[in-house]
Amino acid sequence: MSDATRPLIVGAGPAGIRAAQILVSSGIRPAVIDEAPSGGGQIYRQRLVADERSAKDLYGSEAAKATALHGTFAGIRDRIDYYPETLVWNLRDKAADAVTGHRTRRIPFSHLILATGATDRVLPFPGWTLPGVFTLGGSQIALKSQGCAIGEEVVFLGSGPLLYLVAWQYVKAGANVAAVLDTSQFSAKLHLLRGLFAQPSVVLRGFRYAAELMARGVAVRFGVQPVRIDGATRVEGVVWRERDVEHRLACDAIGYGFSLRSETQLADLAGCRFVFDARDRAWRPERDGAGRTTMPGVYIAGDGAGIAGADAAELAGERAGLALLEDVGLSVDHVRIGVLERKLASISKFRDVLEAAFPFPQAWANGISDDVTLCRCEEIAIGAVRDAVRDQGVFELNRLKALTRVGMGRCQGRMCGNAAVEVLAAACGQSPDAVGRLRAQPPIKPIPLGVMAEEETA
Amino acid sequence: MALLKRLARHELPVVSFTLNGEACSGRVGDTVLTAILTQSDRLRPSDFSGAPRAGFCQMGACQDCWVLTGDGGRIRACSTALEPGMRLQTMMEPRS
Ligand SMILES: Cc1cc2nc3c(=O)[nH]c(=O)nc-3n(C[C@H](O)[C@H](O)[C@H](O)COP(=O)(O)OP(=O)(O)OC[C@H]3O[C@@H](n4cnc5c(N)ncnc54)[C@H](O)[C@@H]3O)c2cc1C
Ligand code: FES
């Protein structure tokens with residue numbers, strides 16, 4: 001190893017922290033950048049200031065893991081160059097453009113570990129832009145980090161393990177949960193029995209959450225088809241269909257989502273090749289079992305590499321750190337590598353079970369009506385996609401973006417991208433992998449005005 | 001009026017700010033989003049139709065929570081900590 005080994009880790013969640021720990025333990029000093037003010041990532045996000053709640057209150061069954069991860073990060077703090085509240089908005093010429101407040105700087109690196117995590121995967125339906133509608137992840141952040149419920153009478157809607165987890169966390173914290181509306185069928189949950197061997201504690205915990213919700217009188221419904229969210233200027237109720245019968249429930253807040261989507265923009269800017277992941281219905285950076293991408297010196301770990309959850313993120317972060325050490329010629333513990341890879345393989349199998357238990361609502365793309373807002377930023381309707389297919393012969397996502405501006409707004413397709421793919425593919429009679437993938441563009445998130453100019457004169 | 005309901009952190013010190021010129025208070029450790037939505041039900045009008053918006057993802061991804069500050073700046077409410085004396089505006093003209 002030479003002194004020129006200066007890795008940069010983007011993301012201080014479970015994956016990024018474990019990668020940093022491995023590098024530090026071999027005497028390497030990585031830079032670690034994260035947009036958040038403190039380490040922990042999404043699941044182990046820390047509050048801005050401490051309050052009366054304990055780690056157990058915040059992180060439940062995962063409290064010990066959260067505390068251990070925060071402890072690790074604090075322990076290596078003086079052996080890394082840590083940039084909190086800093087966004088990496090571009091990558092070029094082996095350097096990251098990183099903005100902190102109004103100041104942007106270039107941070108050169110020899111190696112890059114991307115541990116950028118995920119955000120909620122959402123689908124539009126009527127009323128989804130109303131005040132009082134939040135993502136499931138957003139609902140959880142409101143509670144964990146801010147001690148707030150998203151409303152007085154909350155309905156959780158969608159699919160995925162987070163649906164039951166967040167609902168249960170709300171009930172535990174004293175919020176009123178009016179209903180949990182699961183878009184997948186009850187029969188799909190039987191797939192979880194297969195998962196009992198691989199991850200018994202996770203499966204049993206899931207069943208316990210559902211049972212406790214029901215025991216506390218929360219209506220839990222399966223096979224729900226969302227019809228609309230009612231309200232003039234904020235949420236007043238939700239309407240759904242269940243076996244062709246329409247139901248309505250009054251509520252003032254909706255938390256919803258359909259599993260997660262990976263943050264992959266930086267891997268794109270780094271030049272990594274992507275592959276289509278049929279299980280996640282999304283493109284993800286191609287990687288080997290250790291987290292090496294197709295670009296030499298660029299590694300990827302955690303949910304940003306494909307959705308696998310927090311435990312997998314820790315393991316994959318460690319594995320990617322070890323891969324980097326191997327690649328610079330340092331000795332590594334091969335027994336440990338075997339253990340990590342076996343555990344990751346087992347979790348990956350379990351992901352198949354979860355996907356079968358909480359399947360993506362495939363019927364959505366053909367059922368959603370033309371007038372529903374697809375793009376929140378630019379306020380473009382679903383019908384614009386179908387028009388572009390019919391009138392302009394569009395069959396590719398970036399062409400759709402150029403013609404309709406879908407995916408071009410401030411969120412850069414984070415909120416509408418998955419839905420645009422599904423609607424475009426359905427309108428073309430294609431599968432989602434056939435319509436291409438949205439290209440990332442710098443800055444990958446809006447940066448304050450004036451920052452660019454300052455950088456150019458620097 | 002409020003969208004969010006506080007379940008914890010009641011005992012933390014108060015932080016004063018103004019919202020559209022009116023005196024308001026939040027708590028130490030609040031984000032600007034929390035501080036506003038525990039008293040109001042909107043953060044901004046949408047850019048084109050002017051329909052009310054109140055954030056969505058709370059994790060800096062959707063960009064649906066930008067609010068104006070007294071000095072004409074814009075901040076992303078969900079990822080900005082509330083500071084004493086902030087002058088926040090949730091009323092702006094839509095783009096078209
Ligand atoms: C709200 C929420 C709740 C979740 N709850 C659970 C749960 O209970 N159990 C579970 O197993 N999984 C949960 N997940 C899934 C979760 O994403 C993973 O379990 C875990 O957090 C993944 O770890 P990670 O290190 O890959 O990414 P994350 O924990 O997401 O960390 C990624 C970090 O990278 C930073 N980052 C990303 N891009 C940039 C950039 N360009 N510049 C600077 N910083 C950047 C982010 O700020 C973030 O801190 C949740 C996800 C979300 C969104
Ligand atoms: S609420 Fe989504 S960016 Fe702030």
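The dialogue below sets computed values against their definitions.

Tutor: This is a predicted model, in which local features need pLDDT of at least 70 and side-chain atom pairs count only at pLDDT 80 or more, while totals for chains, interfaces and linings use all residues. Residues are numbered from 1 along each chain as its sequence is written, chains are lettered from A and ligands numbered from 1 in the order in which they are written, and side-chain values use heavy atoms, leaving out hydrogens and water.

Student: Why is the link between B:Arg53 and A:Glu379 called a salt bridge?

Tutor: A salt bridge requires a side-chain nitrogen of Lys or Arg within 4 Å of a carboxyl oxygen of Asp or Glu. The N to O distance here is 3.7 Å, so the pair qualifies. Between chain A and chain B the count is seven salt bridges.

Student: What makes S10(A) and strand S1 of chain B a pair?

Tutor: Strands are DSSP runs (E, at least two residues; helices are H or I, at least four), numbered from the N terminus. Two strands pair if DSSP finds at least two bridges between them. S10(A) and S1 (residues 5-6) of chain B have two bridges, in the antiparallel sense, and therefore pair. In S1(B), B:Arg6 is the bridge partner of A:Cys148.

Student: How many residues does each chain bring to the contact?

Tutor: Contact means heavy atoms within 4.5 Å; chain A gives 50 residues and chain B 43 residues.
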